[in-house]
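Below are notes for a colleague who is new to this structure.

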Amino acid sequence: MLIVNEEQIMKSYNMKNAIEDVRKVLKAKEENKIADMHRTVIDFPDYDASALYMPSADLVSEVAAVKVVTIFPKNSPKGMPTTQGVLLLTDAKNGSHVAMMNASYLTRLRTGALSGIATDYLSKKDATILTVIGTGGMAFEQVLGVLAVRSITKILLVNKTTSKAHRFGEKLKEYGVKIPFEVIDEVSEAVKQADIICCATRSTSAVLDGEYLKPGTHINGIGSYLPTMREMDETTILKANKIVVDDSNGVKNEAGEFIHAAEKGIWSFDEIYCDLGKLVTDTKNGRENEQEITIFKSVGAAYYDLAVAKGVYQKAKELEIGIEIDM
């Protein structure tokens with residue numbers, strides 16, 4: 001079995017690779033070539049934390065994977081990562097387990113790739129201002145995903161703790177992002193200016209007020225993945241001309257803001273425009289005019305992890321990285 005750690009993955013596999021591989025799996029899913037089981041979520045209320053178990057298989061490539069990811073927000077003051085994950089990759093031709101890899105970066109990367117793909121189809125081509133609400137562990141690759149598809153000239157950062165937002169901006173600079181950033185105290189001010197908004201919080205109450213959205217704004221909502229969580233308010237949902245999701249079944253069971261709106265009777269899941277795969281396969285149109293407000297909602301699905309895990313394994317073999325061990 002090949003063991004690949006996070007540092008090795010980060011050096012060999014980037015956002016461009018992830019976007020390419022995620023596009024492929026979106027097409028494969030539309031062609032019914034992916035087997036995907038509903039993920040299991042175990043909550044740890046004492047720590048405001050969760051563990052997610054996510055299996056899937058590619059029936060054409062004959063490879064399967066299961067990812068285990070834990071999200072422990074209270075780890076940060078202890079100097080520990082809030083999101084930790086591992087992924088087991090299996091050869092579905094003979095059942096042998098071929099690789100084990102760190103999945104924390106892959107989770108962030110594939111989610112950023114999804115938002116990048118959605119942004120490419122749904123945001124205005126001349127979008128220049130990106131607002132990031134929530135600068136925690138999942139937000140960095142959200143920025144990278146958007147930057148891969150749009151010529152952003154300014155990044156506005158909003159976080160409950162402003163010092164974390166400043167550190168996030170400095171991290172972008174250290175990474176090589178030359179686009180100027182500004183930390184904004186009031187969410188409403190950052191929303192008013194935005195062409196594209198990325199929400200990456202675990203909030204249980206809405207952090208995005210749709211009252212301040214300007215026409216033509218595109219929103220990526222990736223932080224809430226439980227029925228109790230909400231990032232976008234009802235106004236945002238009702239203002240949207242198109243709502244695109246990464247996985248319809250997952251969103252119906254896990255996207256708190258949409259579940260809440262549906263239960264109140266002010267919105268219905270029938271109003272979802274389509275899954276993202278429909279845009280990638282040109283079955284549905286993306287943005288059709290400059291005034292549309294669009295939302296991409298992502299709760300994650302195991303086959304996206306499978307897509308990037310396959311890519312990492314191929315890269316590791318090509319570049320001869322990782323450690324082979326006898327199990």
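1. The whole structure holds 23 salt bridges, a salt bridge being a side-chain nitrogen of Lys or Arg within 4 Å of a carboxyl oxygen of Asp or Glu. The model is predicted: local features need pLDDT of at least 70, side-chain atom pairs count only at pLDDT 80 or more, and totals for chains, interfaces and linings use all residues. Residues are numbered from 1 along each chain as its sequence is written, and side-chain values use heavy atoms, with hydrogens and water left out.

2. R23 pairs with D120 in a salt bridge whose closest N and O atoms are 3.4 Å apart. This pair links distant parts of the chain, 97 residues apart, with R23 in helix α2 (residues 15–30) and D120 in helix α3 (residues 104–122). Helices (H or I, at least four residues) and strands (E, at least two) are DSSP runs, numbered from the N terminus. R23 is partly exposed, because its relative accessible area is 23%; buried means under 20%, exposed over 50%, and partly exposed in between (1.4 Å probe, protein chains only).

3. Which residue forms a salt bridge with K297? The partner is E257, and the closest N and O atoms are 3.6 Å apart. K297 counts as buried at 0% relative accessibility, and E257 counts as buried at 2%.

4. The largest nonpolar core has 64 residues, of which L89, M101, I155 and L276 touch the most other members. Such a core is a set of buried Ala, Val, Leu, Ile, Met, Phe, Trp, Tyr and Cys residues joined through side-chain atoms within 4.5 Å. Another core, of 24 residues, lies apart from it and includes V191, I219, I237 and A240.

5. On the surface, I42, F44, Y47 and Y53 form a nonpolar patch with about 370 Å² of accessible area together. Patch members have over 30% relative accessible area and no salt bridge; like charges are joined within 9 Å and nonpolar side chains (Val, Leu, Ile, Met, Phe, Trp, Tyr) within 5 Å. Accessible areas come from the Shrake-Rupley method with a 1.4 Å probe, and for residues only the protein chains shown count as cover. I42 lies in strand β3 (residues 40–44).

6. Helix α11 (residues 302–319) has 18 residues and should span 26 Å at 1.5 Å a residue, which agrees with its end C-alpha atoms being 26 Å apart. The expected span is 1.5 Å times one less than the number of residues. Among the buried residues of α11 are Y303, L306 and K310. E320, with a positive phi near 55°, follows α11.
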